[in-house]
Amino acid sequence: MTAYYLTTPIYYANDVPHIGHAYTTIAADALARFHRVRGDDVFLLTGTDEHGINIERIAAELGLTPTQQVDAVTAAFSALWAELDIEYDRFVRTTEPTHRRAVVALWQRLQASGDLYRGVYEGAYCPRCEAYYQPDELVGRDCPVHGLPCDNVAEENWFFRLSRYQDALERLVRETDFVQPTARRNEILGVIRQGLRDFSASRRLVRWGVPVPGAPDEVIYVWIDALANYLTGIGYPDDPKTFERFWPAKLHLVGKEIIRFHCLYWPALLLSAGLPLPQQVFAHGWLTKDGNKISKTTGNTVDPRALAAEFGADAVRYYLLRAIPFGQDGDFTRRAFVARYNADLANDFGNLVQRATTLAARHAHVPVAQGKPGAPEIALREAADQLSDRVTAAFESFALHEAASVVGHFVGEVNRYIDKTAPWTLARQGSFDRLGVVLDHTLEAARLAAWYYVPILPRAATDAHCRLAGARPLPGGGTFDPTRRHVVNVGPPLFPRLAQQVGDVTLAK
Ligand SMILES: [Zn+2]
């Protein structure tokens, strides 16, 4: 079994989850499910980043302790993941004692490599990013991410010798596919060419964090703390057996705003610590709503929980994975959401499952596979046989929208197969041999579509598979075999059609 360890970023516990968090995590879950069904030894890690000056400040504003603040936010994240059918293997919290041990162990390795030294930092600091910025990185006086003024600070603290890894990082990014997609790789190469500067690796301003070993009045820089979660999650340093089973990670899935930390800081820290590098960092794009930036300040937001409550987790997963080319920016509108739901899920997939199960139940007396496959069956089999390669290629290149579209295209072919072979006419004519062949091919093709939809629509596709085949989808079920014996159950529509006006209603916040 191939180990497949993949991660979402750990989300900052300053606020409840928004649609962007849902997007990353749904994508990671779809990839994890694809690899599980392939029989890989999968480990999906997610979690929350609970340290830093911002948490302290927000907790104080709310009259909470930092612990109460992060407990509340973490509970909101796990509740959302349950609702969206996210099947993670571990939810790591950076306030866990085991994570603190991982951060300290990593720190000690950096120290042993001679990559930590005392220095004085003076300059612009964005407390929201928890990051210092060079003058040329600022937009006017403002943080390039938040567009808000930075603080001017000066303090003596520990620095990490990032500059020492300039050449190694350049080779890594230029000569391998470590950073994906290409646009992000070029962006990182640009940053490397400007020359990498050492960064300050501890903070005196901050109380809420992991203390620097031997210097209890300083905490370890929150990004070192946060990145170390990828080690903690699989047992570093307490459980070396699990750690060796899964490290190095196959994939860190991130939003494009944090690539600098994942594509430069993280590999440099690992090189310094003498640990193997992850295989790949893939950065997806940003979501907009109705063509505008999603922002709590302007009220232009999408609440993933409300959306899932209204339309179901599968519909939310489907829209995000299918409508947005993975890696690029994409837009959410209710109108497009409802239109896609109706076209692809209600009219195509839901309808196929309904037709196939209803036909099979109505003609349950028809003997199985008495007739010979004809031209429509041969064409259907060809389409079915190509499905595996196409879906696999799409998932392996992180083209999640393509994976969804390939299965959707096959669903369309099966619906057209039913139209063309007209089983209702065969029944009326008493052509039962031929009807048996058509029913077997219809059921098996619909089952296959359900099987391939599982990573994207886990709930509906599993339900559909049970209805069509009398069994849950299992690894190895991805081949087309119309001689399978199916136990069919007819159920209510999987995706009841929505009135298009539903798309015009503004979602209550
Ligand atoms: Zn900022």
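Modeller: Happy to. Let's start at alanine 446, which, neighbours within four places in sequence aside, is in contact with Leu352, Val353, Ala356, Val414 and Leu468. Keep in mind that this is a predicted model.

Colleague: Nice starting point. Which core does Ala446 sit in, and how many residues does that core have?

Modeller: Ala446 belongs to the largest nonpolar core, which has 154 residues. Ala446 is among those with the most contacts inside this core, along with Leu6, Ala27, Leu227, Val407, Ala449 and Tyr453. H17 supplies the largest share of the core, 13 residues.

Colleague: What about a second core?

Modeller: There is a separate one of seven residues, including Tyr125, Cys129, Tyr132 and Cys150. As a general background, nonpolar side chains in soluble globular proteins tend to be buried together.

Colleague: Let me zoom out. How many helices and strands are there?

Modeller: The protein has 18 helices and 16 strands. Its radius of gyration is 26 Å, close to the 23 Å that the globule rule gives for 509 residues, so the protein is as compact as a globular protein of that length. Along the principal axes, the C-alpha atoms fill a box of roughly 90 × 45 × 40 Å.

Colleague: And what percentage of the residues is buried?

Modeller: Buried residues are 45% of the 509. On the contact side, if you take those with a separation of 6 or more, 74% are between residues 24 or more positions apart.

Colleague: What happens just after H14?

Modeller: Phenylalanine 398 takes a positive phi of about 60° there. Phe398 is in the loop between H14 and H15, and it counts as buried because it has 20 C-beta neighbours inside 10 Å, with 20 or more being the cut-off.

Colleague: Why would I take notice of that phi?

Modeller: Because most residues other than glycine have a negative phi. Aspartate 85 is another case: it has a positive phi of about 60° although it is not a glycine. Asp85 is found in the loop between H3 and strand E3 (90-93), and with 19 C-beta neighbours inside 10 Å it counts as partly exposed.

Colleague: Which peptide bonds are cis, then?

Modeller: One joins glutamine 180 and proline 181, with omega about -10°. Pro181 is in the loop between strand E7 (179-180) and H6. Another runs from tryptophan 247 to proline 248, with omega near 5°, and Pro248 is in the loop between helix H9 (240-246) and strand E12 (251-255).

Colleague: Switching to H2, which residues are buried there?

Modeller: In H2 (residues 53-62) they are Asn54, Ile55 and Ala59. These three cover an arc of only 130° around the axis, which puts them on the same side of H2. Ala60 and Glu61 are exposed on the other side.

Colleague: What do the buried residues of H2 pack against?

Modeller: They pack against helix H3 (66-83). Just after H2, glycine 63 takes a positive phi of about 70°.

Colleague: Last topic. Where is leucine 196, and what is it in contact with?

Modeller: Leucine 196 is in the loop between helix H6 (182-193) and strand E8 (199-200). Leucine 196 is buried, with 20 other C-beta atoms within 10 Å. Setting aside neighbours within four places in sequence, leucine 196 is in contact with Leu162, Ser163, Gln166, Leu169 and Leu264. Leucine 162 is 34 residues away in sequence, with a C-alpha to C-alpha separation of 6.4 Å.

Colleague: And glutamate 310, where does that lie?

Modeller: Glutamate 310 lies in helix H11 (residues 304-311). It is partly exposed, with 17 other C-beta atoms within 10 Å.

Colleague: Great, thanks for the tour!

How values were computed: Residues numbered from 1 in each chain as written. Predicted model: local features only at pLDDT ≥ 70, side-chain atom pairs only at ≥ 80, totals over all residues. Helix = DSSP H or I, 4+ residues; strand = E, 2+ residues; numbered from the N terminus. Rg over C-alpha atoms; globule rule 2.2 N^0.38 Å. Buried ≥ 20, exposed ≤ 12 C-beta atoms within 10 Å, placed from the backbone. Contact = placed C-beta atoms within 7 Å. Arc of directions from axis to C-beta. Core = buried A, V, L, I, M, F, W, Y, C linked by C-beta atoms within 7 Å.
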